[in-house]
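Here's a quick briefing to read alongside the model. Have the viewer open as you go.

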Amino acid sequence: MKLPRPLVERLTGARHVMALTGAGISAESGLATYRDPQTGLWARFLPQELATPEAFHRQPRLIWEWYASRRQLVERAEPNGGHRALAAMEQRVPQFTLATQNIDGLHQRAGSRRVIELHGNITRTRCSGAGHFVDSWPATDEVPPRCPQCGEPLRPDVVWFGEMLPPAAWEAAADAAQDCDVCLVIGTSAVVRPAALLPELAQHAGAMLVEINPEPTPLTARADVALTGPAGTMLPELVRALWP
Ligand code: BV8
């Protein structure tokens, strides 16, 4: 892959590289992005309609089962070359911050050691009352099951629309955005806030903004470098080209 000289120099000389990822980096692991139409029972809904506290309050069973089916798909998926390339990059730069909007845990399974999960993780369950994690609960026909401690319904440990991001995660990501030399924005339509503000924060603070996406997004026009293509091939080629 022919890389622009300024990108090669910036990346190989970088003290701190940040990567912000979205659903697109998991597309080649077989997980649908949010722009793909939903299937099955949920075909008639948009994710934005289901991933909300109101939807869970109104139709807890439907929402619990939507997440249960997505969790099964996630557990059957494998990290792809894009996830593994970011894990390799983490070993090659002095400081590497990976912030993901994804809730599939594939970055960790690919070997990334430090992952900021901006929107939680579908494989974790928490009490919808007190918020503590619940690893297991007694078998029950009730859907969703209830917290063994307080009896409130259990819920996936993800951030729904209209909910705050975990403050520590947001703070760590925003700090990294303002400190990094290069901000790689990979596989995201850059629409959902506040995550979509991170690339702008980085660029304002002097970082080189690099987008990797097969399609243009609202960020493409302002990116310093736009590498057009799938992350599963672009990222391994980038790592091979920079760190042979
Ligand atoms: C908050 C977890 C407030 C759940 C998710 C109007 C204007 C601006 C903002 C708002 C507004 N109305 C409401 C808001 C706020 C809202 C928001 O941004 N809405 C959007 C729709 C406009 N944000 C929120 O509600 C956030 N919270 O603001 O709180 C607040 C403040 C104070 C106090 C209390 C509350 C919470 C947002 C988090 C929502 N949860 N996920 C779940 O998943 O079930 S968001 C979810 O959707 C994902 O996590 C992800 O972030 C987002 C989808 O985005 P992408 O990851 O980019 O995926 P997408 O499918 O869109 O794009 C895929 C991309 O990949 C494409 O570009 C495609 O070309 C590319 N691609 C495809 N294949 C490949 C590829 N790229 C590389 N390689 C490939 N092979």
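The notes below cover the domains, their interface and the ligand site.

This is a predicted model, so local features need pLDDT of at least 70 and side-chain atom pairs count only at pLDDT 80 or more, while totals for chains, interfaces and linings use all residues. Residues are numbered from 1 along each chain as its sequence is written, and side-chain values use heavy atoms, with hydrogens and water left out.

**Domains**
- The chain is assigned domain 1 (1–31 + 79–119 + 165–244) and domain 2 (35–76 + 122–158); the bounds come from an automatic or database domain assignment.
- Going by C-alpha atoms, the centres of domain 1 and domain 2 are 28 Å apart.

**Interface**
- Seven residues of domain 1 contact 11 residues of domain 2 (contact means heavy atoms within 4.5 Å).
- One salt bridge is counted between domain 1 and domain 2 (a side-chain nitrogen of Lys or Arg within 4 Å of a carboxyl oxygen of Asp or Glu).
- On the side of domain 1 that touches domain 2, two residues are nonpolar, two polar and three charged (Ala, Val, Leu, Ile, Met, Phe, Trp, Tyr, Cys and Pro count as nonpolar, Asp, Glu, Lys and Arg as charged, and the others, Gly among them, as polar).
- R124 and E117 pair up through their side chains in a salt bridge, at 3.1 Å from N to O.

**Ligand**
- Around the ligand sit 33 residues, of which Y34, Y67, G162, T188 and S189 come nearest (a heavy atom within 4 Å).
- Ligand oxygen atoms lie 2.6 Å from a backbone N or O atom of G162 and 2.8 Å from one of Q101.
- The protein buries 75% of the 1,500 Å² that the ligand exposes when taken alone (Shrake-Rupley method, 1.4 Å probe).

Conventions:
A polar contact is a pair of N or O atoms within 3.5 Å; within protein, one must be able to donate a hydrogen and the other to accept it, and residues adjacent in sequence count only if both atoms are side-chain atoms.
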